[in-house]
Amino acid sequence: MKKKLTYSFFALLLFSCTNTETKLPFLGNPSTLNGEQVYPVIKPFSFINQDSIKVTNQNFRNKIYIADFMFLSCPTICPKMTMEMRMVYDTFKDDPRVMFLSHTIDPKNDTVERLKKYAANLGVKSAKWNFVTGNRDSIYAIAKDSYYATAYADKTAPGGYIHSGGLLLVDTNQHIRGVYDGTDPEDTKRLISEINLLLKEK
């Protein structure tokens, strides 16, 4: 798999009109409703987690969460991404306001049982960090249409898939507020810092 960390929404990134030192930007193209800018939100989804429980947007209602796309047999960046996510998890494991969501892009092979074993080996709680599977086209669509991320099968790529290596920060209203290189420990530190900043937002 190619290490591809370009995000189409970088070109679309628009800052809120508040002081960016105290408030994170909103990502994506806003629309106008009654004269107000309205930023895109994560589209409705329904997947199955490592405990065979349905996971939807409602599970993250009024929560900050960090999302990514990965697959268990990934021979390149996924293990590093998961370890960086684990660093963030460890920082906020006792804070109920922060959750984690990892989507497999290889649902054919990444069964619920395999995801459960993987999560258990990481030592993470499913109530805090959901590893989800589901319909492949639905996973690819939400990657593209909601998270502006790359995720698709490619037989020529190592492991058979190409996907973005980003960790995506989503606020309590399900707006994307930041994207971070999931292979860079320095960007992980930035993510942790900006989660703390987002937690202070009113």
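At 5% relative accessibility, Leu198 counts as buried, where buried means under 20% relative accessible area, exposed means over 50%, and partly exposed covers what lies in between, with a 1.4 Å probe and protein chains only. Before I go on, please keep in mind that this is a predicted model, in which local features need pLDDT of at least 70 and side-chain atom pairs count only at pLDDT 80 or more, while totals for chains, interfaces and linings use all residues. Residues are numbered from 1 along each chain as its sequence is written, and side-chain values use heavy atoms, with hydrogens and water left out.

Leu198 belongs to helix 4, residues 185-199; helices (H or I, at least four residues) and strands (E, at least two) are DSSP runs, numbered from the N terminus. Which residues does Leu198 touch, not counting those up to four places away in sequence? They are Leu24, Ile64, Leu169, Val170, Asp171 and Arg177, with contact taken as heavy atoms within 4.5 Å. For Leu169, which is 29 residues apart from Leu198 along the chain, the separation of the two C-alpha atoms is 9.4 Å.

Turning to the sheet, we have an open arrangement of five strands in the order 7-6-5-10-11, with mixed pairing, where two strands pair if DSSP finds at least two bridges between them. Its edges are strand 7 (129-132) and strand 11 (176-181), each of which pairs on one side only, and the twist from one strand to the next averages 20 degrees. Angles here run from 0 to 180 degrees between N-to-C directions, and axes are lines fitted to C-alpha atoms, for helices over the stretch in contact. Strand 5 (residues 64-70) runs parallel to strand 6 (residues 98-104), the two being paired over seven bridges, and Met70 stands opposite Thr104 in strand 6. Across strands 5, 6 and 7 lies helix 2 (residues 112-122), which runs at about 150 degrees to strand 7.

Helix 4 also packs against helix 1 (residues 78-92), their axes coming within 10 Å and crossing at roughly 35 degrees. On the helix 1 side the contact includes Met87, Val88 and Phe92, and these meet a helix 4 group that includes Leu191, Ile192 and Ile195.

Now the salt bridges, each defined as a side-chain nitrogen of Lys or Arg within 4 Å of a carboxyl oxygen of Asp or Glu; by this rule the count comes to 11. What does the pair of Glu201 and Arg177 tie together? Their side chains meet in a salt bridge at 2.6 Å, N to O, and because Glu201 lies in the segment after helix 4 while Arg177 lies in strand 11, the pair ties together parts that are 24 residues apart in sequence. Arg177 is buried, with a relative accessible area of 1%, whereas Glu201, at 23%, counts as partly exposed.

Within helix 4 itself, Asp187 forms a salt bridge with Arg190, the closest N and O atoms being 2.9 Å apart, and these two residues lie three residues apart, about one turn of the helix. Asp187 counts as buried at 15% relative accessibility, and Arg190 as partly exposed at 33%.
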